[in-house]
Amino acid sequence: MQEEIGPGAIAALRWIDASATIDIHLGPPLAILAGIALVRGLRRGRTVAQLGAREETTLLAIVILIALGLRLIALDAPQQPRFYFSESTVQVAGRMLDDAGFLASVRRLATNTQVAWAQESPVLFGVHAAFQHLLGPFAGLPGVVGAAWGVTTSLLAWAAGRAIVSPGFGLAFAALVTIAPLQVTWARIGGLQIPAVTHTLLVVWVAFAAGRRRSLLLSVLSGLLAFASLWHYFPARIAPLLGAVALVSGLTRGPGRLGRRGWLCAPLAGLACEAAAWAAYHAGDFTLWPRYPGYLGTRGEATMLAALEGAWETVVRELPHTLSRYFWTARAADPRALWGLPAAPVGGGLDPGLLHGGLVLLPIALLGVLGMLACLRHPWRNAIWLLLAAGGLLLPALSTPSARRFVLLDLA
């Protein structure tokens, strides 16, 4: 039997078995450390730790090195999963470059917003083609490209968190994004999912900066970036709304009165979106929402009211599965079943081992819930995070919950 399933699979199964023991031994000391941190925080009150430029730079460098390691180490190992949707891009992108060249391919792809593969998006194809030109085609290339997107996500988490809240918040945000299993997994697999997270954070950061600085140029850029989210995986379509909220939030926190330039920022961002939408609509296959079976609006709805009724029915049906899948159970199926071996039953968040629990680690889930409850004390000031969480939760609930559809909820 061991020869049939291969040494790599056997090693993976041994790690899965060992993870339960590691969980049991790590739990008590981590709980003690968390208690100490909580007591120290309560004693210090609401003071915010001050970080010097050198400290912040050092900590950020450590976070980025960890992000690189988690996303690049052992990409060629037998245990590294391969995903046909991302692996196919290596061959298809190479053929597109040979047949039409880079610029002609990008121009053709820009007329389509129905993106199901990386090679169907001008943005994702452009990034992948650049890496393929530099490194050549090989099986692990999607993981390398995914790592680039993933590390950029950590950097943007720091930049956006720093700008909107504080340097300490930015570092904590970047660190959590860096170690989040769902973010690491989709970065290592490559393809469509992780760039949607990166682009959403980019829109939030640029839009907030545009409002805070009263910058007309950044306002136009934020509008164009918000529109460009249509060339990403469908959860990124929340980016235009998030960008609008971030822009207004930045305007309210800028120095002094709004002035004439401040009042022009939001309309210019909107006009940039409108101009890009008009150009795309007249250039090719332009839609705001995917037309794939199972998504909202693809079930024969004839009117907007019918679409809303269908959306409500879908959310009511799928929301319990969405919450359970992300927070509590069904993280993964036991791979033993693939070889006819006895499989362990599906466990909940309190059961030890890698296979048991939801898609988010339970301590991080608790921190996230506490963070969202704290945001409710000042909902307008924290509207960016609340909207990100609400949109990230609704997107998988509007279709069928699966691990790739939780990337923005995971970010929130």
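This is a predicted model: local features need pLDDT of at least 70, side-chain atom pairs count only at pLDDT 80 or more; totals for chains, interfaces and linings use all residues.
As a general background, nonpolar side chains in soluble globular proteins tend to be buried together.

A patch of about 770 Å² is made by Leu51, Leu59, Ile62, Ile66, Leu70, Leu176, Ile179, Leu361, Ile364 and Leu367. Two or more residues each come from α2 (53-72), α7 (167-179) and α14, and α2 gives the most, with four. Leu176 is a handy example to find in the structure: it sits in helix α7 and is partly exposed, because its relative accessible area of 37% falls between the 20% and 50% cut-offs.

Turning to charged side chains, the structure holds three salt bridges. In one of them, Glu56 pairs with Arg162, and the closest N and O atoms are 2.5 Å apart. This pair links distant parts of the chain, since Glu56 is in helix α2 and Arg162 in helix α6 (residues 141-164), 106 residues apart. Glu56 is buried, at 7% relative accessible area, whereas Arg162 is partly exposed, at 36%. Another salt bridge joins Glu318 and Arg317, at 3.3 Å from N to O. Here Glu318 is buried, with a value of 11%, while Arg317 is partly exposed, with 44%. Glu87 and Arg82 also meet in a salt bridge, at 3.9 Å, and Arg82 is partly exposed at 41%.

Two further residues are worth a visit. His356 lies in the loop between α13 (304-327) and α14 (362-375). Although in a loop, His356 counts as buried, because its relative accessible area of 16% is under the 20% cut-off. The side chain of His356 reaches the backbone nitrogen of Gly347 at 3.0 Å. Beyond four places in sequence, the contacts of His356 are Arg331, Pro345, Val346, Gly347, Gly348 and Asp351. Thr89, in helix α3 (residues 84-99), is buried too, with a relative accessibility of 1%. Apart from neighbours within four places in sequence, Thr89 is in contact with Gly94, Ala118, Gln119, His128 and Gln132.

Definitions and conventions
Residues are numbered from 1 along each chain as its sequence is written. Side-chain values use heavy atoms; hydrogens and water are left out. Buried means under 20% relative accessible area, exposed over 50%, partly exposed in between (1.4 Å probe, protein chains only). A polar contact is a pair of N or O atoms within 3.5 Å; within protein, one must be able to donate a hydrogen and the other to accept it, and residues adjacent in sequence count only if both atoms are side-chain atoms. Contact means heavy atoms within 4.5 Å. Patches are made of residues with over 30% relative accessible area and no salt bridge: like charges are joined within 9 Å, nonpolar side chains (Val, Leu, Ile, Met, Phe, Trp, Tyr) within 5 Å. Accessible areas come from the Shrake-Rupley method with a 1.4 Å probe; for residues, only the protein chains shown count as cover. A salt bridge is a side-chain nitrogen of Lys or Arg within 4 Å of a carboxyl oxygen of Asp or Glu.
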